[in-house]
There are 2 protein chains.
Amino acid sequence: MNKQIFQAIKEFIPENRLFTKLEDLYSYSYDASFGQYLPDLAVQPIDAEEISKIVKLANTFLVPVYPRGSATSLSGGSLPVEGGIILDMSQMSKKLVIDKENLLAIASPGVITANIHQEAEKVGLFYPPDPSSSHVSTIGGNLLENSSGPKGLKYGTTKEYVIGLEVVTPTGDIVRTGGKTVKNVTGYDLTRLIVGSEGTLGIVTEVILRLIPKPKARKTLLATFGQLVDSGYAITNILSNGILPAAMELMDNSCIRAVENYQPTGLPLDAEALLVIEVDGHPLAIDEEIKACEEICLSVGATTVKVAKTDKERDEIWKARKMVSPAITQLGPTKISEDATVPRSQIPAMMERLKEIREKYNLTLVVFGHAGDGNMHPNIITDKRNKEEMKRVENAVSEIFEAAVQLGGTLSGEHGIGILKAPYMEMELGKAGLELMRSIKQAWDPNNILNPGKIFPKPGITKVVLTD
Amino acid sequence: MNKQIFQAIKEFIPENRLFTKLEDLYSYSYDASFGQYLPDLAVQPIDAEEISKIVKLANTFLVPVYPRGSATSLSGGSLPVEGGIILDMSQMSKKLVIDKENLLAIASPGVITANIHQEAEKVGLFYPPDPSSSHVSTIGGNLLENSSGPKGLKYGTTKEYVIGLEVVTPTGDIVRTGGKTVKNVTGYDLTRLIVGSEGTLGIVTEVILRLIPKPKARKTLLATFGQLVDSGYAITNILSNGILPAAMELMDNSCIRAVENYQPTGLPLDAEALLVIEVDGHPLAIDEEIKACEEICLSVGATTVKVAKTDKERDEIWKARKMVSPAITQLGPTKISEDATVPRSQIPAMMERLKEIREKYNLTLVVFGHAGDGNMHPNIITDKRNKEEMKRVENAVSEIFEAAVQLGGTLSGEHGIGILKAPYMEMELGKAGLELMRSIKQAWDPNNILNPGKIFPKPGITKVVLTD
C-alpha cells in the first residue's frame, strides 16, 4: 500500500487506534466464513468525520476500505479480499438511546445487538430481529447483511426496523437517510438500499431503529415428526388457522443426531424432523393459540408434542435449537453455512433436494432453519485441508444454490452474497437485473473503494471456488 | 411529438387502445392534485412486452413516458408535465392470485387495491395497507407512492408488504426483483428502491405482496378532547402501556366542524380534537385492550369516549373519519392536500405550528391524519382562480414543509414528492443526499424518459409555485 496514505492517516488517527503489525493484521484476516486475507492496515475510527477523511484519502490513493463489526459474517462480508484498510468499528459503540415516546432506538453501529434487545425490554419495548449471533454481532453488521433470525415470519426482517441512517458514502460524504418516522416517501428509499448492501454502498455511522411494544407473554412447544413432510403440513395448517407464530424452527434428523451427540437432551434419534414453535402476544390469546398448534401438530402425525409449562422448560426447548451450531462445529474443522431461502410451500421439496445432494456427494450435510419464512440453513461440515472432499463440497454448494433458485427461492435469505455466492447472481437476477445493481454501485463508488470483491461476480467465475 | 414514434407505436398497439384526440387527452391531463398538463398520446398497454417496446421507442426518440393508474395522486404523480406518452395501466388488471399456502398475493398493477383486501379476506388473510382511496386506486399506484393509510403504526407501510416485482426499466428491459420469500438479501433491494420511486425508476408490471393471517376481531372507540394536547397524551400512554392499536386517527376542530356541516353525525363542535382508535387481534385480548384505551383516554381528560358495541356502531365511528375528505371538498373548489410527517412526540408541536400558519395567512386549513405514526394531513381549501389567496397558500404550504423538517420529520409520509414538494428536497436531504438519489436516476434513466419533472427540483426553483 502507498506510504503517503499511511502518513496522511497517521496525522489524525493516534497510534493506539492504528495497526500495521503482522500479528495485529492476522486478527483482521478472517470472519466466520471460509478464507483468509491480510489487510495492509487496520484503523479503529471513533466518529463519522474520521471515517470520511479515511474514505476520501482512499479515493485519492485508490485503496480498498473494508468496514468490520464483530466479523461473524458467514458470507465473507468483512474479509479484506483485496487488501487495503480495515475499519474496525468496535470503538463506535458508545451511543444507545431508547426513545420511549417515539418507539425508537438510536444506536452507534458498533453496539452489540443483544444490548439493544435488553435496553428496549427494560422500558417495555421490543426489537424483534434476533440473529443467532446477536450476543456478539453488532447492529451495524446485522443491518448491512439484513440478518434477522427466527422472527421474520411474524415481525419481518431487520430491514423492516431500520428507518434512518447516518452514512459515510463511498466518496466520503456524510449523509443522513430516512429519519424518525415510519412513513417517509421523500425521494428514494436510500435507507433500505443501504441495509443489506454488505458494506458496498456506505459505512453506517448511526442507526435509527423502530421498536414495538413488548409482547406480554409467550408460549413454546417442541414437536417431533416421523416424516419430514408432516412438519410441513403442520406449518401450513397453523398459518391457515389464522395463527402467526413468532418463530417456527425446523431441525432435520442429522441435526437432531448432532445435538444429541454433543449434549444429550433426550431428543428422539429416529425423528425425521423437529419443530420449535413459539407464539407471543396477549396471555389469553396465546394460551388458546399454543393449544391449537399442539392439536394441529398431532392431527398431521407428530410423534410427540411438548408445550413448555415454565420458563425453565422453555429454555430447555430452545437449548436444543441453540445447541445446533456448537454441536455441528464438533463434527469437523470447516463449516460451510448456507442460507438458501425458498417459498414456504417448497420447504419439503427443498429438504428432498438437500437429501439427494448429501447422498450424491457423500458429505456431512445437516439442515436447520427458520421454516416459517422458508429460510433454511444447510450446513456442510468438512475439512478444508482435504482437497478431494472440498471438490465435492464445491459441487454440493453449487447444487444447493441451483435448487433454491429453481424452487422459486433466493440465494441468500440473511447471510448476504459475499464472495461464495457471487458467481450465481446472474442465474437468479438475470443480466439486466444484475446490471441495475452494478450501475448503482458504479454511480456511488466510481473508484470501487468500499468492500470490493463482494456481491458482484468476477468475470469468468461461474461456480463456487473453495480450493486453490 | 415526433411522427415516427407515433407510427412505430401504431404498428403494435391497436387503435382502440391508442388515444390522440384532444377530448381523450384531456381526461389524462389531471390527477387529484393541482395543475393540468396535456399529453401528446395515451396508450393502454396490456403486457410488459408492449410497455418494453414503447419505452425503447421513447428512448430512441427522446419522448417522456408517464405511467398512470387511477390518477388519485395528491402530489402530481401521474401528471404529464412535459407532454409525451401516457401509459394508462387500466387494462393490466386481470391477474389477482391469492397463494394461501405461501401467504402471498400476486397481482397485475392495475388491480384496484380494495379487491386485494376482499380476495385475501375471503381465505382468512389480510393485506394491511389501506389508503383512503383504496376503492378506486390501483396497487401499482399505491406502491409507487408507498401510500399506506391508517395502519402504518402496527403493520408498517406498503413497502413492508411488497416483496417482489416485475418491472420495465427506464431503458425498456423487463426484470424481476425480489421474489416470493420475505427474507432476501441477494444483492441490493431493488424492490424497495422502486416502491416509493413515484414511477421514475421503472414501470411495475407485476407485484408480489406478502399477506398475513386476518386478525380474528377488532374493537373501535371514538374519544373527544377539549384540549388537543390531551389527545397526544392519550396516544403516548396507550403505546407505553404495551398496546399497539391498528389505527389511531386524529381530527382537529376545523375538521369536526366541516364533517358536521356536511353530514351531521353528532360530533361535539367545541372539541379541539377527536381520536378514532381501533385495536385488532384475538377477541379476548382486544376486549381488555379497548377497555384500557378507554380508561387511558378518560384519565388524560377526554370529554367523551364511546366504544362501538356492534359492527353498525363501528361503521358510524369510521363514517365520521371517512367523511372528512368529501366534507372538506365542499368548502371550496381547490384542495391542497399535504402529508407532512413528524415523530409522534412532535404531533402537538406540529398542530400548534399549523394553527399559527392558518391564522397568519387567514386560510381554511383543516388537519386530520394518522396520529399513531405521526403522518398528518393538513389540507388547505382554496380557489385557484383567486390569485391573491393563492399567493398566501404558497407561503402557507412552504411553512408547513419547513415546520415538518424543523420538527425532525419529513416532507412526505405517503403522497410522494411529485411536483409541489420538489423545491424542498435539498432542505431535508442536503446536497449530498439528494445527489445520491439523482445519481441512481441518471444511471438507470440516462435519457430522463420515465416520469420526468417529478421528485427532483428544477434549478432555481426553491419554493412552492401555484400561480402562473
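Predicted model: local features only at pLDDT ≥ 70, side-chain atom pairs only at ≥ 80, totals over all residues.
**Strands of chain A**

One open sheet in chain A has four strands in the order β1-β2-β4-β3, and its pairing is mixed. Its edges are formed by β1 (18–19) and β3 (65–68) of chain A, each of which pairs on one side only. Within this sheet, strand β2 of chain A (residues 41–43) and strand β4 of chain A (residues 85–88) run parallel and are joined by three bridges. Opposite L41(A) stands I85(A), in β4(A).

Strand β10 of chain A covers residues 203–210, and eight of its eight residues are buried, so the strand is largely enclosed by the rest of the structure. Strand β6 of chain A (residues 104–107) runs antiparallel to β10(A) and is joined to it by four bridges. In this pairing, A107(A) stands opposite V207(A) of β10(A). Strand β8 of chain A (residues 162–168) is also antiparallel to β10(A), with six bridges between them. Here E166(A) has E206(A) in β10(A) as its bridge partner.

| Strand | Partner | Direction | Bridges |
|---|---|---|---|
| β2(A), residues 41–43 | β4(A), residues 85–88 | parallel | three bridges |
| β6(A), residues 104–107 | β10(A) | antiparallel | four bridges |
| β8(A), residues 162–168 | β10(A) | antiparallel | six bridges |

**Helix α4 of chain B**

Helix α4 of chain B spans residues 113–122, and its buried residues are T113(B), A114(B), I116(B), H117(B) and A120(B). These residues lie on the same side of α4(B), because they cover an arc of only 155° around the axis. What do the buried residues of α4(B) pack against? Their contacts are with the strands β5 (96–99), β6 (104–107), β7 (125–126) and β10 (203–210) and with helix α5 (139–145), each in chain B. Just after α4(B) comes G124(B), which has a positive phi of about 80°.

**Cysteines**

A disulfide is a covalent bond between the sulfur atoms of two cysteines. Over all chains, the structure holds zero disulfides. C293(A) takes part in none, and the nearest cysteine sulfur, which belongs to C297(A), is 6.6 Å away. A disulfide requires the two sulfur atoms to be within 2.5 Å. C293(A) is buried, with a relative accessible area of 0%.

C255(B) is buried, and its relative accessible area is 0%.

Note on methods
Residues numbered from 1 in each chain as written. Chains lettered and ligands numbered in written order. Heavy atoms only, no water. Pairing = 2+ DSSP bridges. Helix = DSSP H or I, 4+ residues; strand = E, 2+ residues; numbered from the N terminus. Buried < 20%, exposed > 50% of the residue type's maximum accessible area, 1.4 Å probe, protein only. Arc of directions from axis to C-beta. Contact = heavy atoms within 4.5 Å.
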